[in-house]
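Subject: Handover of a structure

Dear colleague,

Please find the structure below, handed over for your reference. The notes after it are written for a reader who has not seen it before.

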Amino acid sequence: MELIYETGGILNEGFVGQISYTVCLDKVYDAMDIEFTFDKQHYQTITEEMGKKTRESCRGTEYEHASEEELMDAMRGMKTEIHTIVTMNDTFIGGVHKQLTTRHMVYSKDFTSDGCIPQERISGVVKVTLAVFNVLLDGTNYRLKLSAGNEEKQISPDGGAYV
Amino acid sequence: MYKRLELHNHTTESDGTLTPSQLIQFMEEKLVDGFAITDHNTISGHSKIKGLLEQKKSSISSIYGMEYTTYYGHILCLNLKEYLSWESIDYHRPERLFHSLKEKGALVGVAHPFSYGHPFARGCRFDMTITDFNSFDFIEIFNNPEPLHQVNEPALLWWEDLVLKGFPLSATCGMDLHGRWDMNNQYATFIEGVNGGNIEKELEDAIRHQKTWVSRGPILESQYNSQKQTMLFTICDTKKPGFLHSDSDRYILTLRSMTGTVVKEFPDCQSLEIPINELYPDSNTRSVLIPKLYQNNTAIENLVAVAPVIVTVC
């Protein structure tokens, strides 16, 4: 597969919204792999300040009267949540909800990733949207790569990895 | 006939653990008449389910939908023919998305409106401001895995309040299935239909006319007798597996209206006839009635079934 586009960025705590990348393909391909990765999915350590901040944002919610222990448990379960949505020529061709910190959206003749709709061919304008639901920590890094090719055998049977 | 539907199910196409094939098998094992595929923000399972059902020549019906999983609430969409983008969702005007979906012929509902949300699970609770309650079709009044008092009871009351105000909203429920979960004694949605009938059409008719039943087992039917000026309520067994009822359990009917709630006990486990004047004791206005069936007492824990609203009795 040929790397067509690679980018990345840094998200700040609390961001909610979309970031979209549009790639214009000048060739017709029969396979495509969109790889998305991000870090800092969970709190590594929970400081007193983080606890206070979370307690503050619980005001007026059902968590308002949670005990310290319940709050800490809930904070350990909190995550940065990002969905990936792909359209090709303005038509939806896949969305990944599974919160994998490394995920592939693979389209090939033999295999299509979960959440994605098989495509006969890859051509035209591909738009990848990161729908950011929650960012726990400042300085959350992400990377996005779009690769395409014409040799089916380059896609491994389990998808994702390619040679 | 009554058809038992499971209207909220996920597969491996989003975050479920059952593949589309396993979901079909699971629903067949559980003797469901029709099920919806409602993955989060993808319709990639639709063609898989369609293909598998054609191959299997299965009698089970499928409904194609999606759970629009947005930053501010989850929107359950049924009879969805095409994916519509949701990212421009407006916190203060969700109706824009509702209208777009309805224009495409989809049925639009609010899923688990009072689920726990921000800051721990952004989007799970429906936080958006709805000003036009005619802009969507149904409310998921029971999301079975959710806590009864904190999440499901407020959803039921929200639906009841809106219906009593005259909004034509149907009630549905679902397992929010993400795996091989126990469906015994859980609420399911029932609609009227015919053997071999078009499930999408039957569901649309049921939802648009507020003719859905939400029940753990039996269906509560109501019939107006204009000559006798009575309303006859009948309990109809749907044979839903796992419904817990013993012969000593009394059935109790409640009818909530704008003016209060009438409570009556079934003399047997079959039928109950009530004179119309007893249903509207305090008012000349005959408002909407919400019939509900309980076992033994009217605590929410003992709620067996919610029947379609009785809109007009002349």
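The following paragraphs set out what was found.

Please keep in mind that this is a predicted model. For the complex, the predictor reports an ipTM of 0.90 together with a pTM of 0.93. The average pLDDT of chain B is 94, and 97% of its residues score at least 70.

I begin with chain A. Four strands of chain A make up an open sheet in the order β1-β8-β3-β6, and their pairing is antiparallel. At the edges are β1 (2-11) and β6 (102-107) of chain A, each of which pairs on one side only. On average, neighbouring strands of this sheet are turned by 10° against each other, direction ignored. Within the sheet, strand β3 (residues 31-38) of chain A runs antiparallel to strand β8 (residues 140-149) of chain A, and eight bridges join the two. Here Phe38(A) has Tyr142(A) of β8(A) standing opposite. In general, the strands of a sheet pair through backbone hydrogen bonds, either parallel or antiparallel.

One pairing to look for is that of Tyr224(B), whose bridge partner in β11(B) is Met231(B). Between β10(B) and β11(B) lie four residues, and Gln229(B) in this turn has a positive phi of about 55°.

Phe136(B) lies in the loop that runs between β5 (107-110) and β6 (138-143) of chain B. Is Phe136(B) buried or exposed? Phe136(B) counts as buried because 25 other C-beta atoms lie within 10 Å, where 20 or more are required. Leaving aside residues up to four places away in sequence, Phe136(B) touches Phe98(B), Val108(B), Gly109(B) and Val110(B). Of these, Val108(B), Gly109(B) and Val110(B) fall within the range of β5 (107-110) of chain B. Between Phe136(B) and Thr238(B) there are 102 residues in sequence and 29 Å in space, taken from C-alpha to C-alpha.

Finally, there is the contact between the chains. Chain A contributes 27 residues to this contact and chain B contributes 19 residues. On the side of chain B that touches chain A, 10 residues are polar, five are nonpolar and four are charged.

With kind regards

Conventions. Residues are numbered from 1 along each chain as its sequence is written. Chains are lettered from A and ligands numbered from 1 in the order in which they are written. This is a predicted model: local features need pLDDT of at least 70, side-chain atom pairs count only at pLDDT 80 or more; totals for chains, interfaces and linings use all residues. Two strands pair if DSSP finds at least two bridges between them. Axes are lines fitted to C-alpha atoms, for helices over the stretch in contact, and angles run from 0 to 180 degrees between N-to-C directions. Two residues are in contact if their C-beta atoms, placed from the backbone, lie within 7 Å. Ala, Val, Leu, Ile, Met, Phe, Trp, Tyr, Cys and Pro count as nonpolar, Asp, Glu, Lys and Arg as charged, and the others, Gly among them, as polar. pLDDT is the predictor's confidence in each residue, from 0 to 100. A residue is buried if 20 or more other C-beta atoms lie within 10 Å of its own, exposed if 12 or fewer, and partly exposed in between; C-beta atoms are placed from the backbone.
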